[in-house]
Every structure is written in C-alpha cells, then in structure tokens.
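Please look over the notes below alongside the model.

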Amino acid sequence: MALSILKGLLRGYVQSLFDEGIVNDQFSQIHTLKSEEEPEHVLQLIDTYFVDVEITLSELTSYIDCPDVDFSKLAELAHKVEERSSWYIGAAHVRLACGDLIQACDQMNKEKALIWIKNEFSHTRSKLEAYVQSSLERKLWKHDFND
C-alpha cells in the first residue's frame, strides 16, 4: 500500500513539472527509454544534464566577465545549453531563457538574460532533484518491501 501511495505522489509530482512548464514532452520520452537492464537511465540522464549545463554556465560567466566579449562565443555556448535542455530532459524554461541570451548576443548586450538562464537552471535543478530523490525513495521502499 505504501508503495502505491509513493508511486501516486511521484506521478503527481511529475505532472506538476509539466503543469508549471518546467519540462516538456521530451521528459516523457526519456521515460520510455527505461528498461529492465537500465532502470536508472532517466536519473543518469538528469545527472549528466546537470553536470554539462553547470560547466557551460561557468564558461558563459567567464566569457561575460571579459572586457572584450566575443558575442559569437556567448551565443554558441547559449545554443549548447539550449540544445542540452531540449534533448536531454526537455527543460523548457531553461531552453526559453537561452533563446533570450542568444537574442541579447545578437544585440551585443552581454548581461541581459544570463541571470535568467542561471535562475531557470537553478529552479529546474531543484525541481528535478526532488524528482530524483522521490525516485530513489521509491526504489528503497520497493527494495525494503521485497526483503
């Protein structure tokens, strides 16, 4: 009974991620990739996304801090975050924020929107960390129930 309650809570939480626009249909699609051989695939993909985007955001910050900003490099890095947000997990808000930074690069406005990307990534990360935690708790409940 406790396991079914936990499953229901997790489904409700995932639905709230969609309702808030944190994730899009790509998030559903990565769930279909789960298999008996790789049940942790979604969690690994989320973790890889976190690491990759943090590295790229760090690069973006260092480029913006340069006196002579290379806007093409900034736009390239913003595209990289946008791509990972779209393909890895469907992080919709982060992807939208990247579009604003790319537009700011076209206008040679170096500070507009980087803060928004960082805020959206932070918000998305906290929401997905809660998802990961719930998934791990569900796994532990399932393991304890089967012992």
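1. Phenylalanine 18 has a relative accessibility of 22%, so this residue counts as partly exposed (buried is under 20% relative accessible area, exposed over 50%, partly exposed in between, with a 1.4 Å probe and protein chains only). Phenylalanine 27, by contrast, is buried at a relative accessible area of 0%.

2. The model is predicted: local features need pLDDT of at least 70, side-chain atom pairs count only at pLDDT 80 or more, and totals for chains, interfaces and linings use all residues. Residues are numbered from 1 along each chain as its sequence is written, and side-chain values use heavy atoms, with hydrogens and water left out.

3. Six aromatic pairs turn up in a search of the whole structure. One of them joins phenylalanine 18 and phenylalanine 27: the ring centres are 6.3 Å apart and the planes lie at 70 degrees, so this pair is edge-to-face. Rings of Phe, Tyr and Trp (its six-membered ring) pair if their centres lie within 6.5 Å; planes under 30 degrees apart count as stacked, over 60 as edge-to-face and the rest as tilted.

4. How is the pair of tyrosine 49 and phenylalanine 50 arranged? This pair is tilted, with 6.2 Å from centre to centre and 50 degrees between the planes. Tyrosine 49 is buried at a relative accessible area of 0%, and phenylalanine 50 is buried at 5% relative accessibility.

5. Tyr49 and Phe50 also belong to a cluster, linked by ring pairs, that includes Tyr88 and Phe121. Over the face of phenylalanine 50 lies arginine 125, at 4.5 Å from the ring centre (a charge sits over a ring if NZ of Lys or CZ of Arg is within 6 Å of the ring centre and within 35 degrees of the ring normal).

6. The protein has six helices and zero strands; helices (H or I, at least four residues) and strands (E, at least two) are DSSP runs, numbered from the N terminus.

7. Helix H5 covers residues 92-106, and its 15 residues should span 21 Å at 1.5 Å a residue; the end C-alpha atoms are 22 Å apart, which agrees. The expected span is 1.5 Å times one less than the number of residues. Buried residues in H5 include Ala92, Val94, Leu101 and Ile102. After H5 comes methionine 108, with a positive phi near 55 degrees.

8. Of the 147 residues in the protein, 37% are buried. Among contacts (heavy atoms within 4.5 Å) between residues at least 6 apart in sequence, 68% join residues at least 24 apart.
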